[in-house]
Amino acid sequence: MKFSLSNRPLDQQTKDACIVFVHNKKALIQNDGLLAELIAQQIKSSRFNGEFAQIQVFPTLGKSPVKNIILTGIGNCDCFQAETIERATAAAVRSGRKANLCSFVAESGTVRNGLSCVKFVHAVARGAAWGTYHFNTFKTQKKQAAATSLTFAGPCDDSTACRAELTAAEHEATALFSTANLANLPGNIATPQHIADHAQKIAQETGLSCSVLDKPQLQKQNCNALLAVAAGSDQDAKIITLKYEGTDKDAKPVVLVGKTITFDSGGISLKPGKGMSWMLYDKCGGMAVLAAMHMIALLKPKNPVVGILTVAENMPGGGATRPGDIVTSRSGQTIEILNTDAEGRLALCDALDLAREHNPAAIVDLATLTGACIVALGHTASAILGNDAKLTEALIQSGNRAGERLWELPLWKEHMDDIKGTFADLQNIGKSGTAGTITAGAFLKYFVPDNIPWAHIDIAGTAWEEAPKAWAEPGATLFGARTLIEWIQNMDTAAE
Ligand code: BES
Ligand code: ZN
Ligand code: ZN
């Protein structure tokens, strides 16, 4: 989708549709001419009441150069924020696209409830771009994707900053679309090798460096926890490292680590059949890291960033790890594998040990780690746990600005004790069988030195949509990528 700014007011835009947000039954529109009148009439005479994600498309029937109006509800909450605006825009564009509308216009000066003009424009652009995403790789009858555009009309507080934000949104969309097409691929196609090939191709195109550890190298490096996950699969494990140098050569890098299980059958602790196919999305931590690295390569922030994908397929083949097996992780700590379905933490712990060696300013890992996270928070927020209050807060704030909600859970001594092993140093599931998201976090904490700020984000409930939503089709959301880029770019401004 192409973005632009235009000084001409909304009612002089010859576009397929204008997008108008409706808050508390009131259209957020500065234009007080004919368009405002048409909208007021429509709201009065229809059932549209501006509930969140409620949409109404209607034609202007030649009364205005804009051919259609799309009303998109943002509810009646006074505390709406970037997330609401982003989703409401995505919903508007999705229904517009269904009606074959291609060129959209929105007012840049709309009432914004505390969001700056720049942040408002960014949220709208991001939502509009995602609203056009469609995964059709496996449809044999493909419709040609139409070129789409969004113009921001009317005066804006800071057009230079807004223009820069729109370029950024275009780059973000490039990275998100490319990674979503990978994240949505099923396990028979998106194998560890396929993901390594994709990462190398993106690195080559964008100037990142990329290295891949294969099975013999992982054996040499003692990554036995990760290797134990892949032991029952025909596909070998990999660790993919992407590096962005940054423009500030003296700064310590931020290291992002992503769980990338290309399919999680549970292994010998086999999952029940119902819904197992969704476990093709168990690679989404790694996909969020890959999307973030792709965005970073295009947006070129100051700070150096390293992205590590820890990749394996969890299958119950003849060589599979058995419950009760003991492995020595790369860190030297021994682990009793009591449940082979708690594989994410095994894949992550060796990658965290590698991350430590980059002398990082901070480590952030993302993982579809625990079903318990969905029990705790549902599908509306991801859990965040860590060892550094400032880092956690910075990520939560970045998430709020990026339209991704994070909610902190504690990591107390009792949780650290719960994951200690009987016959080895650690075990891969808690003894108490409670607080599943926290004990998983506690396990990971054993692999990060206390003096390195670290945060773990559990995206089990947010990494994909199972049913169509007004603002998205089913499939990968790449939750986390937007927060990471927001956080990393904000480091630049915070340092200035
Ligand atoms: N990938 C799953 C977690 C998951 C489940 C993510 C559902 C998204 C939706 C993970 O590997 C897993 O199976 N975890 C186990 C841990 C348990 C055995 C301690 C779980 O959550 O049941
Ligand atoms: Zn599992
Ligand atoms: Zn898993």
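View 1. Asp264 and Glu343 are both buried, where buried means under 20% relative accessible area, exposed over 50% and partly exposed in between, computed with a 1.4 Å probe on protein chains only. The model is predicted, so local features need pLDDT of at least 70 and side-chain atom pairs count only at pLDDT 80 or more, whereas totals for chains, interfaces and linings use all residues. Residues are numbered from 1 along each chain as its sequence is written, chains are lettered from A and ligands numbered from 1 in the order in which they are written, and side-chain values use heavy atoms, with hydrogens and water left out.

Asp264 bridges the zinc ion (ligand 3) and the zinc ion (ligand 2), which lie 3.2 Å apart. Asp264 belongs to strand β10 (residues 254-264) and Glu343 to the loop between β13 (334-337) and α9 (344-356), so the pair ties together parts that are 79 residues apart in sequence. Helices (H or I, at least four residues) and strands (E, at least two) are DSSP runs, numbered from the N terminus.

**View 2. The site of the zinc ion (ligand 3).** Its protein donors are Lys259 (NZ), Asp264 (OD), Asp282 (OD) and Glu343 (OE), at 2.0 to 2.4 Å from the zinc ion (ligand 3). Donors are N, O and S atoms within 2.8 Å of the metal (3.2 Å for Na, K and Ca); water is not among the atoms, so sites may look incomplete. The site of the zinc ion (ligand 3) is octahedral, with angles of 78 to 171° among its six donor atoms. Six donors count as octahedral if opposite donors are over 155 degrees apart and all others between 65 and 115; four count as square planar by these limits, or as tetrahedral if all angles lie between 85 and 135 degrees, and anything else is irregular. Along the sequence, the donor residues of the zinc ion (ligand 3) follow the spacing K-x4-D-x17-D-x60-E.

**View 3. The site of the zinc ion (ligand 2).** The donor residues of the zinc ion (ligand 2) have the sequence spacing D-x76-D-x1-E.

**View 4. Ala347 in helix α9.** Ala347 is buried, with a relative accessible area of 0%. Although Ala347 and Leu226 are 121 residues apart along the chain, their C-alpha atoms are separated by 4.2 Å. Not counting residues up to four places away in sequence, Ala347 touches Leu226, Val229, Ile261 and Thr310, contact meaning heavy atoms within 4.5 Å.

**View 5. Helix α13 (residues 436-445).** Eight of the ten residues of α13 are buried, so this helix is largely enclosed by the rest of the structure. Among the buried residues are Thr437, Ile438, Phe443 and Leu444.

View 6. Asn222 counts as partly exposed at 42% relative accessibility.
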